[in-house]
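I opened my notebook for a short tour of this chain. Here are the entries, in the order I made them.

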Amino acid sequence: FFFQAEDGIRDLRMSRGLGDVYKRQVSTQSTGQEPKVGSIVMSTDQKKVKKVKLSKEERVMKNPMRNLVIDKLVINICVGESGDRLTRAAKVLEQLTEQDPVFSKARYTVRSFGIRRNEKIACSVAVRGEKAKEILERALRVKEFELKARNFSRTGNFGFGIDEHIDLGIKYDPSIGIYGMDFYVVLARPGYRVARRKIRTSKVGKGHRVTVVDAMQWVIDTFSVTITDKQ
C-alpha cells in the first residue's frame, strides 16, 4: 500500500497531496546503519515546545489593552467677565497650544460676582496626543513634579493649577499680562470607544476602568511625580 515518491514514501489509500507525505529519516542511527527501505519514521527535528504559564499579574502587565494613555488634556482659564481680559486670556491659550480656544458661558446670574446668564466668562482648549504629553510635562515641572492625593478623582483623572502662565516658557507680554490656568488630565485605556460610539453602545467593564490607584501609578512611572497626602 506504499509507493516510492521523489519526496518520500506515500500511503496509496490515505494520500491527499504533500500534506500526507511521510518523510524518511535522514540522519543515520547511532550504530551507523542506514534505515531500512520502506520504514516510516518521523523526523527528529520536530520537537515539542513547552508553553510557559504566566501568572495573572504578568498577563495583566503584558496585555496591551491595559496600557493607559492621555485621552485629552483640558486647559481652562476662567476670567469671570467678558471683554478684553477674556480676549487676552484666549491669546495665551493660543500661544501655548497653537489651537483655537472655546469660550464658556455662565449658567446663572450672580450679582455678587457681577456676571449674567449666557455671558462669556472663560475659555478652554482640549489637547490630545504627544502635544498633550509635552504640555503636561511642562506644567508638572512648574509644580516641581509634586502633586497631592486630593488632585486625583475616583475615576482615575487628575488636575491641578498654576498661578502664572509665563512659568511654562511663554514670553511675557505687557499688553497681555499674567494669567493663571487649570490643567485637567483625562486618562483612558484602549476599548473605551464602546461607550461613545453611536451604534451598539455598551458599558466599559468594571475591571477595565481606570481607578485612582492606576492613575497615581501611571503618573509616578511616566513623569516620576511625588504624591503627598497633604490636604
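**Entry 1: a loop residue.** Is Glu98 buried or exposed? I kept in mind that this is a predicted model. I found Glu98 in the loop between H2 and strand E4 (102-105). Its relative accessible area came out at 66%, so I noted Glu98 as exposed, the cut-off being over 50%. I also looked up the backbone: Glu98 has a positive phi of about 60° although it is not a glycine. I jotted down the background too: most residues other than glycine have a negative phi.

**Entry 2: another positive phi.** I turned to Phe145, a non-glycine residue with a positive phi of about 50°. Phe145 sits in the loop between H3 and strand E6 (146-148).

**Entry 3: a histidine in a loop.** I went on to the loop between E7 and E8, where I found His165. With a relative accessible area of 2%, His165 is buried. What does His165 touch, not counting residues up to four places away in sequence? My list reads Val92, Ile170, Gly177, Ile178, Tyr179 and Met181.

**Entry 4: a strand residue.** Next I looked up Ala122, in strand E5 (residues 120-127). Ala122 is buried, at 5% relative accessible area. Which residues is Ala122 in contact with, leaving aside its neighbours within four places in sequence? I wrote down Asn76, Ile77, Cys78, Val79, Leu86, Val102, Phe103 and Ser104.

**Entry 5: the core.** I then asked for the largest nonpolar core and got a set of 42 residues. Those with the most contacts inside this core are Ile75, Ile77, Leu136, Phe158, Met181 and Phe183. The elements giving two or more residues to the core are strands E3 (69-78), E5, E7 (158-162) and E8 (181-188), with helices H2 (84-97), H3 (130-142) and H4 (212-223). Helix H2 supplies the largest share, 6 residues. A reminder to myself: in soluble globular proteins, nonpolar side chains tend to be buried together.

Entry 6: I picked Leu136, one of the residues with the most contacts inside the core. Setting aside residues up to four places away in sequence, Leu136 touches Ile70, Leu73, Phe158, Phe160, Val185 and Phe223. I noticed Phe158 here again, as it is also among the residues with the most core contacts.

How values were computed: Residues are numbered from 1 along each chain as its sequence is written. This is a predicted model: local features need pLDDT of at least 70, side-chain atom pairs count only at pLDDT 80 or more; totals for chains, interfaces and linings use all residues. Side-chain values use heavy atoms; hydrogens and water are left out. Helices (H or I, at least four residues) and strands (E, at least two) are DSSP runs, numbered from the N terminus. Buried means under 20% relative accessible area, exposed over 50%, partly exposed in between (1.4 Å probe, protein chains only). Contact means heavy atoms within 4.5 Å. A nonpolar core is a set of buried Ala, Val, Leu, Ile, Met, Phe, Trp, Tyr and Cys residues joined through side-chain atoms within 4.5 Å.
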